[in-house]
Amino acid sequence: MNRIRILCTLALSAAALSAQAQVAVVVGAKSATAAMTADQVASIFLGKSNQLPSGAAAAAADLPESAAVREQFYTKVTGKSSAQVKAGWSRLVFSGKATPPKELASAADVKSFVAANPDAIGYIEKSAVDGSVKVVLNVD
């Protein structure tokens, strides 16, 4: 019976890993930014930098804490959990050194915000990308 439980648990874990969505870091279609490294993106979303590679001030957009894509994004791009990132932002905000990314309610809201602002950057599921935004980094 224990072997069956272990095998079921392993099968479910494998299914969950393969079901993870691909994440795309996006900017507006008219943005001067064409590509970014994971380090550049991490710097913006961790409050270490507020500039896009073009030199423009970045307007970062975040998904809500409840979004699975958010956890995947932060884990893979910054190497930190979203809870660790939130704690870091709390320190930065308290000290007055930075303003956290704007938290929007959904991926559709992030995409709309980024599409409407040439200096905005956000992340969404790769399957949601359309002509209104361009991918500057694929997160696998």
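Reader: Which strands does helix 5 (residues 107–116) lie across?

Author: Helix 5 lies across strand 1, strand 2, strand 3, strand 4 and strand 5, and runs at about 150° to strand 4. Helices (H or I, at least four residues) and strands (E, at least two) are DSSP runs, numbered from the N terminus. Angles go from 0 to 180 degrees between N-to-C directions, with axes fitted to C-alpha atoms, for helices over the stretch in contact (heavy atoms within 4.5 Å). Keep in mind that this is a predicted model: local features need pLDDT of at least 70, side-chain atom pairs count only at pLDDT 80 or more, and totals for chains, interfaces and linings use all residues. Residues are numbered from 1 along each chain as its sequence is written, and side-chain values use heavy atoms, leaving out hydrogens and water.

Reader: What is the strand order in the sheet?

Author: The 5 strands form an open sheet in the order 3-2-4-1-5, with mixed pairing. Strand 3 (102–103) and strand 5 are at the edges with a single partner strand each, so one side of each has no neighbour in the sheet. Strands pair if DSSP finds at least two bridges between them; strand 2 and strand 3 do this in the parallel sense, over 2 bridges. Ala-61 has Lys-102 of strand 3 as its bridge partner.

Reader: Which residues of helix 2 are buried?

Author: An α-helix has 3.6 residues a turn, so residues three or four places apart point the same way. In helix 2 (residues 38–45), Val-41, Ala-42, Ile-44 and Phe-45 are buried (under 20% relative accessible area, 1.4 Å probe, protein chains only). They fall within an arc of 160° seen down the axis, so they line one face of helix 2; the arc uses directions from the axis to the C-beta atoms. Their cover includes strand 1 (23–28) and helix 4 (82–95).

Key: Buried means under 20% relative accessible area, exposed over 50%, partly exposed in between (1.4 Å probe, protein chains only).
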